[in-house]
Amino acid sequence: MQVNETSFSARLATLQNPSIMKTLTGIKHGVERETLRINPNGGLAQTPHQESLGAALTHEFITTDFSESLLEFITPPETSIDKTIGQLKDVHKFVMTNIGEERLWPMSMPCFIENQEAIPIANYGTSNVGKMKSLYRVGLKNRYGSMMQAISGVHFNFSLPDEFWEKWLADDSTIKADKDSISSAYFGLIRNYRRFCWVIPYLYGASPALCRSFIKGKETGLPFKTLGKGTYYLPYATSLRMSDLGYTNSAQSGLNICYNKVDSYIASLRAAINQPSENYEMFAGKKDGKYQQLNSNVLQIENELYSPIRPKQPTRSLEKPTDALDERGVSYIEVRALDVNPFSAIGIERNQFYFLDVFLLYCLVKPSSFMNSDEYHETEANLNAVVEQGRDPKLRLTNASEPVEMKTWALQLFSEMLEIANILDQANDTQDYSLALAAEKQKILDPSLTPSARILDHLVNENIDNGNLGLSLAESFKSELISSDYEFMNAEDLATHAALSIEKQRAIEQQEHVSFDDFLVSYFSDK
């Protein structure tokens, strides 16, 4: 078992060793799904986060993201795909039954919003940590505008079990499975993910169109076409959410975050957090007695870094993510390039789990050299090309500075990924992984099967607004979820979770003895 062999075939042979293969059943997943609450007419809900859903600060399954109206549903890490899907469905059903006539917006790009002042910033209560979360969002509004923050996505969390790492790294006498070697392997996965992640928006991008309110007053420089009363679209786009129009930050393009080693990643991220920004100095200090951001640095905190993937380590109370990574290494990775699946009531489908397992394990097994700045920018250019023009049959990407047809490169990747799918099938005594891969390959061969093409086909053929389609799907999904049965958590369980979260928030607020000003100074002080 020579894990450090440079060839893919050698590493593949290692993975096929029975003692390693059997550990693959311990792969864990979690899902974080974001969705806007909307009124029956399709407008953004202005109501506060419902008390029956619990406290957004402390609830482990139901919280809010940027806005009071932007819900986020979280599932715990599980080995069973069916259990994760069932838990996510249970949370959706509970929420649907507790938000009255409101619905959940089924798309990544937001519904019609008159202006950014109509997007209420999330409220996490009166504790210092709650105030800090809200102030961070005020800073995001001031820096980038609230419209960008109203975009929804799905985050897919993935981890391999300790038993896998012990076996995978065991044969090299110079390496033992510890936080450093495991983190190094995860960063190898991350680098390959960045090389190949243009595949994700091609297969799952579902935001080729957006509401005119989203780009009102903006100079986009893009050749938009129009539909209905207010829909803008690009004919070959896959995921405008992932474009410069969407949830990215072109202001961060010069940060040079390093993904070669965990230490260099932490150092480059900490440098950005401590680097003053002339652009954000205008929001320094207080205005009318209130702070306008956490600080005036390039990044207020680590979470402000926009990336299609993140190395993660669960944080303790008030612990910074970089400190958690530094102390305990990488625990899992978070895939952040997924649009909300508008053809699923819960924003993601079973087939996506199987494919993503194959893809991410492929990224781990495929040899992964360090990445210089030129290659990093090449991966960014490839991703941007696919999100804006992914279904253009003439699209060419760049691989190691050489132009290549996207379809040709994709088919090469799928050929190698089939080896991984077959191993996962064997380990789990199933055919689900190879069948999922085959289904996704059909999208490479026929772009009309992609979600972005299916949505545009419907909009163009019916000449309807993106908003009308979204509202129709929202109503259908509300009925579907309310009439469904609970699987793993029932209404009483989730009501108990909600009540306990409120108690936890109150307890945190009652223990507060430090002013918010002093709290911020303490949090950002050097250790």
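Trainee: What is the relative accessible area of L318?

Mentor: This is a predicted model, in which local features need pLDDT of at least 70, side-chain atom pairs count only at pLDDT 80 or more, and totals for chains, interfaces and linings use all residues. Residues are numbered from 1 along each chain as its sequence is written, and side-chain values use heavy atoms, with hydrogens and water left out. For accessibility, buried means under 20% relative accessible area, exposed over 50% and partly exposed in between, with a 1.4 Å probe and protein chains only. L318 is partly exposed, and its relative accessible area is 44%.

Trainee: In which loop is L318 found?

Mentor: Most residues other than glycine have a negative phi. L318 has a positive phi near 65° although it is a residue other than glycine. Helices (H or I, at least four residues) and strands (E, at least two) are DSSP runs numbered from the N terminus. In these terms, L318 lies in the loop between β11 (309–312) and α10 (321–328).

Trainee: Is D429 buried or exposed?

Mentor: D429 also has a positive phi, about 50°, and is not a glycine. Its place is in the loop between α13 (406–428) and α14 (432–445). With a relative accessibility of 73%, D429 counts as exposed.

Trainee: Which residue takes a positive phi in the hairpin of β13 and β14?

Mentor: Two strands pair if DSSP finds at least two bridges between them. Strands β13 (residues 396–399) and β14 (residues 402–405) pair in the antiparallel sense over four bridges, and N399 stands opposite E402 in β14. The hairpin has two residues between the strands, and the positive phi, near 55°, belongs to A400.

Trainee: How many residues of β5 are buried?

Mentor: In a regular strand the side chains alternate between the two faces of the sheet. In β5, V154, F156 and F158 point one way while H155, N157 and S159 point the other way, and all are buried. Strand β5 (residues 154–159) is therefore mostly covered, the buried count being six of six.

Trainee: In β12, which residue is the bridge partner of V154?

Mentor: β5 is joined to strand β1 (residues 28–38) by six bridges in an antiparallel arrangement, where V31 stands opposite F156. β5 also pairs with strand β12 (residues 332–338), in the antiparallel sense over four bridges. In β12, the bridge partner of V154 is L338.

Trainee: In β8, which residue is the bridge partner of K225?

Mentor: β7 and strand β8 (residues 231–233) run antiparallel and are joined by three bridges. In β8, the bridge partner of K225 is Y233.

Trainee: In which residue is the cysteine sulfur closest to that of C211?

Mentor: A disulfide (a pair of cysteine sulfur atoms within 2.5 Å) is absent, as the structure holds zero of them. C211 is buried, with a relative accessible area of 14%. The closest cysteine sulfur is 7.9 Å from that of C211, too far for a bond, and lies in C111.

Trainee: How far is the sulfur of C363 from the closest cysteine sulfur?

Mentor: C363 is buried, with a relative accessible area of 0%. Its closest cysteine sulfur, in C197, is too far for a bond, at 8.6 Å.

Trainee: What is the volume of the largest cavity?

Mentor: On a 1 Å grid over the protein atoms alone, a cavity is a set of points where a 1.4 Å probe fits but cannot get out, and lining residues have an atom within 4 Å of a point. Grid points are joined across faces, edges and corners, and a volume is the space filled by probe spheres set on the points. A search of the whole structure finds two cavities of 30 Å³ or more. The volume of the largest is about 50 Å³.

Trainee: Which helices each supply at least two residues of the lining of the largest cavity?

Mentor: The lining includes H92, M96, F477 and L481. By class (Ala, Val, Leu, Ile, Met, Phe, Trp, Tyr, Cys and Pro nonpolar; Asp, Glu, Lys and Arg charged; the others, Gly among them, polar), the lining has seven nonpolar, two polar and one charged residues. The helices that each supply at least two lining residues are α3 (81–96) and α16 (466–483).

Technical notes. On a 1 Å grid over the protein atoms alone, a cavity is a set of points where a 1.4 Å probe fits but cannot get out, and a pocket is an open set with protein on both sides within 12 Å along at least five of seven lines; lining residues have an atom within 4 Å of a point.
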